[in-house]
Amino acid sequence: MVNLKTQKRLAAAVLGCGKRKVWLDPNEVQEIANANSRKNIRKLQKDGLIIKKPSKSASRFRVREMAAAKRLGRHTGTGKRRGTAEARMPSAVLWMRRMRVLRRLLRKYRESGKIDRHLYHELYMKAKGNVFKNKRVLMEFIHKAKAENARAKLLQDQAEAHRQKSKAARERRAQRVAAKRDALLAPAEEKKE
């Protein structure tokens with residue numbers, strides 16, 4: 001067996017790694033043994049007789065497995081928790097998320113014309129006052145509010161139409177009464193003359 005200790009040391013220096021990372025081709029031992037300079041070692045590296053082994057790293061397999069299980073809700077019981085509920089998910093963060101979702105929806109509805117600025121302001125203040133616990137509740141409230149407003153407007157229009165109609169009827173009646181009076185008074189005036 002040929003001693004390749006020198007070649008291994010030179011190869012480590014040339015490759016810029018430790019001796020344990022140097023691989024010498026066992027089938028070309030004689031050719032490697034003849035290499036006694038860094039130049040020769042570089043040539044052998046180029047030919048693929050000397051290779052720098054890849055560095056080993058910790059496997060991520062178990063980490064990925066655990067992460068996948070945690071996404072399904074495993075390993076998150078009381079025994080696995082170190083911080084308080086507030087520390088793990090602050091209520092301020094939850095509040096900010098909810099407010100941003102609700103305000104974004106209100107802004108979108110106002111810009112698309114689904115709600116006017118008065119209803120927008122009313123709902124904005126209600127959202128700030130913790131009236132809506134999520135987006136679905138807010139949307140339901142908006143639909144109800146819009147239906148209520150439409151109903152109120154319809155009743156108002158009907159009342160206005162009724163007022164106009166009764167006013168017109170009163171005027172016609174007054175005209176008829178005046179015409180009758182004139183018809184009754186006209187013969188009496190003629191007799192006086």
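Helices (H or I, at least four residues) and strands (E, at least two) are taken as DSSP runs, numbered from the N terminus. The model is predicted, so local features need pLDDT of at least 70 and side-chain atom pairs count only at pLDDT 80 or more, while totals for chains, interfaces and linings use all residues. Residues are numbered from 1 along each chain as its sequence is written, and side-chain values use heavy atoms, with hydrogens and water left out.

**Overall form**

The protein has eight helices and two strands, arranged along the sequence as α-β-α-α-β-α-α-α-α-α. Its radius of gyration is 47 Å, whereas a compact globule of 193 residues would have a value near 16 Å. That radius is taken over C-alpha atoms, and the globule rule is 2.2 Å times the number of residues to the power 0.38. Along the principal axes, the C-alpha atoms fill a box of roughly 160 × 45 × 20 Å.

Of the 193 residues, 17% are buried. Here buried means under 20% relative accessible area, exposed means over 50%, and partly exposed lies in between (1.4 Å probe, protein chains only). The protein exposes about 16,000 Å², of which carbon and sulfur atoms supply 52%; accessible areas come from the Shrake-Rupley method with a 1.4 Å probe, and for residues only the protein chains shown count as cover. A contact is defined by heavy atoms within 4.5 Å. Among contacts between residues at least 6 apart in sequence, 62% join residues at least 24 apart.

**Salt bridges**

Side chains of opposite charge can pair when their charged atoms come close. A salt bridge is a side-chain nitrogen of Lys or Arg within 4 Å of a carboxyl oxygen of Asp or Glu. By this rule the count is four, and the table includes some of these pairs.

| Pair | N to O distance |
|---|---|
| Asp47 and Lys43 | 3.3 Å |
| Arg136 and Glu140 | 3.2 Å |
| Arg163 and Glu160 | 2.7 Å |

Asp47 and Lys43 are separated by about one helical turn because they are four residues apart in helix H3 (residues 38-47). Asp47 is partly exposed at 45% relative accessibility, while Lys43 is exposed at 52%.

Arg136 and Glu140 are likewise four residues apart, about one helical turn, in helix H8 (residues 135-192). Arg136 is partly exposed, with a relative accessible area of 49%, and Glu140 is partly exposed at 40%.

Helix H8 also holds Arg163 and Glu160, which lie three residues apart, about one turn of the helix. Arg163 is partly exposed, with a relative accessible area of 47%. Glu160 is partly exposed at 35% relative accessibility.

**Asp25**

Where in the secondary structure is Asp25 found? Asp25 sits in the loop between strand E1 (22-24) and helix H2 (29-34). Asp25 is buried yet has no salt bridge, and Lys8, the nearest side chain of opposite charge, is 12 Å away. For charge, Lys and Arg count as positive and Asp and Glu as negative; His and the chain ends are not counted.

A polar atom of the Asp25 side chain lies 3.1 Å from the backbone nitrogen of Asn27. Leaving aside neighbours within four places in sequence, Asp25 is in contact with Ile32 and Leu49.

Definitions and conventions
A polar contact is a pair of N or O atoms within 3.5 Å; within protein, one must be able to donate a hydrogen and the other to accept it, and residues adjacent in sequence count only if both atoms are side-chain atoms.
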